[in-house]
Amino acid sequence: MRRTKEISAGLLAFRRRGELEVLLAHPGGPFWAKKDDGAWTIPKGLVEGGDDLVTAARREFTEETNLTADGDLIALAPVNQKSGKTVHAFALEADFDLADFGCNTFEMEWPPKSGKRRNFPEIDRIAYFTLPIAISKIIAYQRPLLRELEQRLG
């Protein structure tokens, strides 16, 4: 049976270093190059047919960060993009070594109408942020994920 609506799954990694910090990813490519506040996201991607949400979330996290997400997950309430895509997120307590960061690339015509194709990273950087900073960095529709994590961890 084919889905009528796209579904994505991802992980919201967090650590506690005096205060709660969350790991966010900055999208790569020319459209996002000069955007910062309101541009960051949790590492996520499309759920493929036959995948369960947790399997997809772990796979996409690794593809977008080169980090392995082992450990217990906390399911967070799904959020919806303006496009109608539903994003299922799971929180994971993990203090990753960000020096191991790496990700997939995508190809697009750049500059537009030039006929030239270039490769860009799907994610150009990742970083841990305290919640007050993360709230301003993360794309608006994902802010409820941060608020729920904060409430659940008390």
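First, the ground rules. The model is predicted, so to speak of local features we need pLDDT of at least 70, side-chain atom pairs count only at pLDDT 80 or more, and totals for chains, interfaces and linings use all residues. Residues are numbered from 1 along each chain as its sequence is written, and side-chain values use heavy atoms, with hydrogens and water left out.

How many salt bridges are there? A salt bridge here is a side-chain nitrogen of Lys or Arg within 4 Å of a carboxyl oxygen of Asp or Glu. The count is 15.

Start with Glu-6 and Lys-85. Their side chains form a salt bridge at 3.8 Å, N to O. Glu-6 sits in the segment before β1 (7-17) and Lys-85 in the loop between β5 (79-80) and β6 (86-93), so the pair ties together parts 79 residues apart in sequence. Strands (E, at least two residues) are DSSP runs, numbered from the N terminus.

Is Lys-85 buried or exposed? Buried means under 20% relative accessible area, exposed over 50%, partly exposed in between (1.4 Å probe, protein chains only). Lys-85 is buried, at 14%. Glu-6 is partly exposed, at 46%.

Next, Arg-117 and Glu-107. This salt bridge spans 2.9 Å, N to O. Arg-117 belongs to β8 (117-121) and Glu-107 to β7 (105-109), so the pair ties together parts 10 residues apart in sequence. Glu-107 is partly exposed, at 47%.

Then Arg-59 and Asp-51. Their salt bridge is 2.1 Å, N to O. Asp-51 is partly exposed, at 22%.

Last, a network. Salt bridges link Asp-36, Asp-37, Asp-124, Arg-125 and Lys-137.

How values were computed: Helix = DSSP H or I, 4+ residues; strand = E, 2+ residues; numbered from the N terminus.
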